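Me: I would like to learn how to read the features of a structural model, one at a time. Could you take me through this one?

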Amino acid sequence: MTTTYTTLDSPVGELLLVGEETPGGVTLTSVSMPGQRNAPQPASNWPPAPGAFAEVARQLRAYFAGELTAFDLDLAPRGTPFQQRVWAALDSIRYGTTISYGELASQLGVPRDRIQALGAAIGANPLLIIRPCHRVIGADGTMRGYAGGTERKQQLLVHEGALQPMLTEDGS
């Protein structure tokens, strides 16, 4: 399989979309943001293929336009069985809602002493926005750890209506 990529402008910055070309189209392996820790960088042997990502781009644009609340895409992220289990749980967090790390751990049957492993699995999510790790917050409502930055996490949650916009000092 050939790994290919494209970029897409979005309200949270230029997104890098990476996937594997298959006879049926592209299978998405990564969505990352500028400045994201551990984000992939296009390799010299990856051909840019914007057309292969047309459906991904369409759904992301619809999401940012407020017209789409759940993605329906072919995904192929690579991860350990534990990461895959955590990522599948992320998929069940509905648009416009949040869950705490502790609640997610309880839902998955992850013991308290493994909460850091849970956080690491969430942080390793290669499909930002598509797989909604931004919906996992601290028990006290704080924005904790997001590979794309906590400001973007907050921006996505405000977009989804899960958080109220923060007022600036001048009240705007």
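**Reading the model, feature by feature**

Reply: Let us start with accessibility: Glu21 is partly exposed, with a relative accessible area of 34%, where buried means under 20%, exposed over 50% and partly exposed in between (1.4 Å probe, protein chains only). This is a predicted model, in which local features need pLDDT of at least 70 and side-chain atom pairs count only at pLDDT 80 or more, while totals for chains, interfaces and linings use all residues. Residues are numbered from 1 along each chain as its sequence is written, and side-chain values use heavy atoms, with hydrogens and water left out.

Me: Where does Glu21 lie, and which residues does Glu21 touch?

Reply: Helices (H or I, at least four residues) and strands (E, at least two) are DSSP runs, numbered from the N terminus, and Glu21 lies in strand 2. Contact means heavy atoms within 4.5 Å; leaving out residues up to four places away in sequence, Glu21 touches Met1, Thr2, Thr4, Val26 and Ala49. Pro165, by comparison, is 144 residues from Glu21 in sequence and 39 Å from Glu21 in space, C-alpha to C-alpha.

Me: How should I read a nonpolar core, and which residues of the largest one touch the most other members?

Reply: A nonpolar core is a set of buried Ala, Val, Leu, Ile, Met, Phe, Trp, Tyr and Cys residues joined through side-chain atoms within 4.5 Å. The largest one here has 40 residues, of which Leu15, Leu17, Leu28, Leu60, Leu104, Ile122 and Ile129 touch the most other members. Strand 2 (15-22), strand 3 (25-32), helix 1 (54-64), helix 2 (81-91), helix 3 (101-108) and helix 4 (115-123) each supply at least two residues of this core, and helix 1 gives the most, with six residues. Leu15 has contacts, beyond four places in sequence, that include Val31, Leu60, Phe64 and Ile129.

Me: How is a pair of aromatic rings described, and how many does the structure hold?

Reply: A pair of aromatic rings is described by the distance of the centres and the angle of the planes. Rings of Phe, Tyr and Trp (its six-membered ring) pair if their centres lie within 6.5 Å, and planes under 30 degrees apart count as stacked, over 60 as edge-to-face and the rest as tilted. The structure holds four aromatic pairs, among them the tilted pair of Tyr5 and Trp46, at 6.5 Å centre to centre and 50° between the planes. Tyr5 lies in strand 1 (residues 2-8) and Trp46 in the loop between strand 3 and helix 1, so the pair ties together parts that are 41 residues apart in sequence. Trp46 counts as buried, at 18% relative accessibility. Tyr63 and Phe71 form another tilted pair, at 5.5 Å centre to centre and 40° between the planes, and Tyr63 is buried at 1% relative accessibility.

Me: Is His134 buried or exposed, and what does its side chain meet in a polar contact?

Reply: A polar contact is a pair of N or O atoms within 3.5 Å; within protein, one must be able to donate a hydrogen and the other to accept it, and residues adjacent in sequence count only if both atoms are side-chain atoms. His134, placed in the loop between helix 4 and strand 5 (136-137), is buried, with a relative accessible area of 0%. The side chain of His134 makes a polar contact with that of Glu160 (2.8 Å).
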